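Student: I'd like to learn how to read contacts that involve aromatic rings. Can we walk through some together?

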Amino acid sequence: MAEVLSRRCVIMRLADFSYDKYQKALRQSAGAVVIILPKNMSAMPQDIVQQFMELEPEMLATETIVPVYFAMEDEELLSIYLQTLTSSSSQGSLSAAEVLLHTATANGFQMVTSGAQSKAISDWAITSLEGRLAGVGGEDLPTIVVVAHYDSFGVAPWLSYGADSNGSGVSMLLELARLFSKLYTYKRTHAAYNLLFFVSGGGKFNYQGTKRWLEDNLDHTDSSLLQDNVAFVLCLDTLGNGDSLHLHVSKPPKEGTPQFSLLKELEMVVTSQYPEVKFSMVHKKINLADDMLAWEHERFGIRRLPAFTLSHLPSHRLAQRSSIMDVRPHVDVKKLGRNTKVVAEALARVIYNLTEKGAPGDLQIFTEQMQVQEEHLSAVVDWLTAQPRAAQLVDKDSSVVSTLEYHLGRYLKDVKRHYVKADKRDPEFVFYDQLKQTMNAYRFVKPAIFDLLLAVCIAAYLGMMYLAIQNFGVLYSVVRRITQPKNKAH
């Protein structure tokens, strides 16, 4: 971005972006701001990516009347940027008069957007999915719930691919469903636990899909697995990278409870099989005064269901969870596979009570034909990141929903969809229908000040001509009077 803003449309590349420059463009009454994103965002230096991710919440929270556009870099757009930058930079050493003259006479670009005026969406629907594996051995079996939200979020909805948050969580959930469906197929490995899998919508908007699902199951029905004996709820969120695993809890589990067993089994599996991983429990109380809940497990905690969230992130405030920079290369499939194996082994140790039966910590259940398939995990992440999944882009007819339903149906029973209307008061937000627009750049267009200067010049020229003609008429009369001979008397 040049220091001298000679164009009402300010263009800047992500590599040159800073919040100060962004605010400067807004203060100088730019007609629009265009931020150019590189085609390969993963090739950007990590310090620039991190800086932008940290600034995204500020950009979203700042109300502005100036439209802000994000565009993917191509040759034409880069050429416009370089020409504008060169033209603007050359004015830095000029005087005010020279800048004005240069501004008026230079060739430029006229940026014009096409499309209808954006309108607020009055009704926004959330679609969630559930499926189950029924345990064996009685009617009052404990239920383990595995949850992951599938939507993404970022400053530009149509660029929100949510690879790690939470494509990795959904990918892990589907792989866990596949593995345990195999175990539940055989009589000798069919456990005395119900497994309930829930893929929630509206996760980035205060976990509204989960909230309404809980209301339907706990308040509006007489028969639900959530009303009976829930052992614990395990939420999966951002698990595709890093060498740390954090179990986020609202209330530390008490010894002797199933949730305490899961905590200990996770510790044992990590210590015995993956010593390179650092595992810890992070305790954070639910703060109902906040507009947004920190983690998805808090929705269950509010309804007094024992729950936690597993993530490689130590805090819910980290910018990776809601950024357009969260793209496919941010997921390391090998680490996602390792984390999936950790969760699968720990869950198996809980439901088969292996520790009390004296099984060693390095005993592996999921090996050979039952092992975690990294190619499956990679394929799901590739598919999820092939299209943006911002909440307002995913409706009940979306291919995202239908494909998730298909995969759940391959492994689980009683797969159902849940449709609910979003409560726009929790939190307060407004969605708009125009998320993408086409911007046309017209080359060699003189700025408006050129027309003004040209009009002034024409007026001055006509004025001078008028004065010249008037003066010429007066001069002609005087000369004629002087040179005309006087009449003689007769």
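**Reading the rings**

Tutor: Let's start with a charge and a ring: lysine 396 lies over the face of tyrosine 419, 5.8 Å from the ring centre. Keep in mind that this is a predicted model.

Student: Which ring does the charged end of arginine 321 sit over?

Tutor: That's tryptophan 295, with the charged end 4.1 Å from the ring centre.

Student: And how is a pair of aromatic rings described?

Tutor: By two things, the distance of the centres and the angle of the planes. This structure holds 12 aromatic pairs. Take tyrosine 19 and tyrosine 22: their centres are 6.0 Å apart with 35° between the planes, which makes the pair tilted.

Student: Which residues do ring pairs link into a cluster?

Tutor: Tyr19 and Tyr22 belong to it, together with Phe17, Phe52 and Phe70.

Student: What kind of pair do tryptophan 124 and phenylalanine 205 make?

Tutor: Their planes meet at 70° and the centres are 5.7 Å apart, so this pair is edge-to-face. It links distant parts of the chain, 81 residues apart. Tryptophan 124 is in the loop between strands S4 (108–114) and S5 (125–133), and phenylalanine 205 is in the loop between strand S7 (194–200) and helix H6 (208–218).

Student: Are tryptophan 124 and phenylalanine 205 buried or exposed?

Tutor: Tryptophan 124 is buried, with a relative accessible area of 9%, and phenylalanine 205 is buried at 7%.

Definitions and conventions: Residues are numbered from 1 along each chain as its sequence is written. This is a predicted model: local features need pLDDT of at least 70, side-chain atom pairs count only at pLDDT 80 or more; totals for chains, interfaces and linings use all residues. Side-chain values use heavy atoms; hydrogens and water are left out. Rings of Phe, Tyr and Trp (its six-membered ring) pair if their centres lie within 6.5 Å; planes under 30 degrees apart count as stacked, over 60 as edge-to-face and the rest as tilted. Helices (H or I, at least four residues) and strands (E, at least two) are DSSP runs, numbered from the N terminus. Buried means under 20% relative accessible area, exposed over 50%, partly exposed in between (1.4 Å probe, protein chains only). A charge sits over a ring if NZ of Lys or CZ of Arg is within 6 Å of the ring centre and within 35 degrees of the ring normal.
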